[in-house]
Amino acid sequence: MTGHDLYKRTLSLLGYMNTDTVTPEGDNLLKRLPDILEQICLDLKIPKIKRLSDNIEANDIECEALCYGVAMMLALVEGDGAKNEIFTKIYNSKRASALSKVEKIQDKLPTTT
């Protein structure tokens, strides 16, 4: 999945895309997508992408969580409280699944003997 694929999927989830045509709301959100995508990638511990044409290095569960996380943030940016609330609940659930395999890493100084 590329950044553009994710964007189209997210717009479809939000209802800002009619078949293959992006509505004016969707066009305005494209400018904000890179920052939002980076923020959600950091939250999910997924490597960020430099361009929207790049492939996202994530498994299916992480990509699903990423879509809902981006939808949550875009709804917030648009001031759509009802959709934001719905996507926040879904994202939190998907996020828990995506992060279930992440282990805690402890930083330790090496010991010398």
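Reply: A salt bridge is a side-chain nitrogen of Lys or Arg within 4 Å of a carboxyl oxygen of Asp or Glu. The model is predicted, so local features need pLDDT of at least 70 and side-chain atom pairs count only at pLDDT 80 or more, while totals for chains, interfaces and linings use all residues. Residues are numbered from 1 along each chain as its sequence is written, and side-chain values use heavy atoms, with hydrogens and water left out.

The structure holds 7 salt bridges. In one of them, the side chains of Glu85 and Lys89 meet at 3.6 Å, N to O. Both residues belong to helix 5, 4 residues apart, which is about one turn of the helix. Helices (H or I, at least four residues) are DSSP runs, numbered from the N terminus. Glu85 is partly exposed at 45% relative accessibility, whereas Lys89 is exposed at 56%. Here buried means under 20% relative accessible area, exposed means over 50%, and partly exposed lies in between, for a 1.4 Å probe and protein chains only.

Another salt bridge joins the side chains of Asp80 and Lys83, at 3.9 Å from N to O. Asp80 is partly exposed, with a relative accessible area of 22%, and Lys83 is partly exposed as well, with 26%.

A further salt bridge, between Lys94 and Glu64, also has an N to O distance of 3.9 Å. This pair links distant parts of the chain, for Lys94 is in helix 5 and Glu64 in helix 4, 30 residues apart. Lys94 is partly exposed at 28% relative accessibility, and Glu64 is partly exposed at 23%. Arg9 joins Glu64 and Lys94 in a network of salt bridges.

Helix 1 (residues 3–14) and helix 4 (residues 60–78) pack at an angle of about 60°, with their axes 9 Å apart. Axes are lines fitted to C-alpha atoms, for helices over the stretch in contact, and angles run from 0 to 180 degrees between N-to-C directions. Helix 1 is therefore oblique to helix 4; angles under 35 degrees count as roughly parallel, over 145 as roughly antiparallel, 65 to 115 as roughly perpendicular and the rest as oblique.

Thr10 is placed in helix 1 and is buried, with a relative accessible area of 0%. Not counting residues up to four places away in sequence, Thr10 touches Cys67, Val70, Ala71 and Leu74, where contact means heavy atoms within 4.5 Å.

Note on methods:
Helix = DSSP H or I, 4+ residues; strand = E, 2+ residues; numbered from the N terminus.
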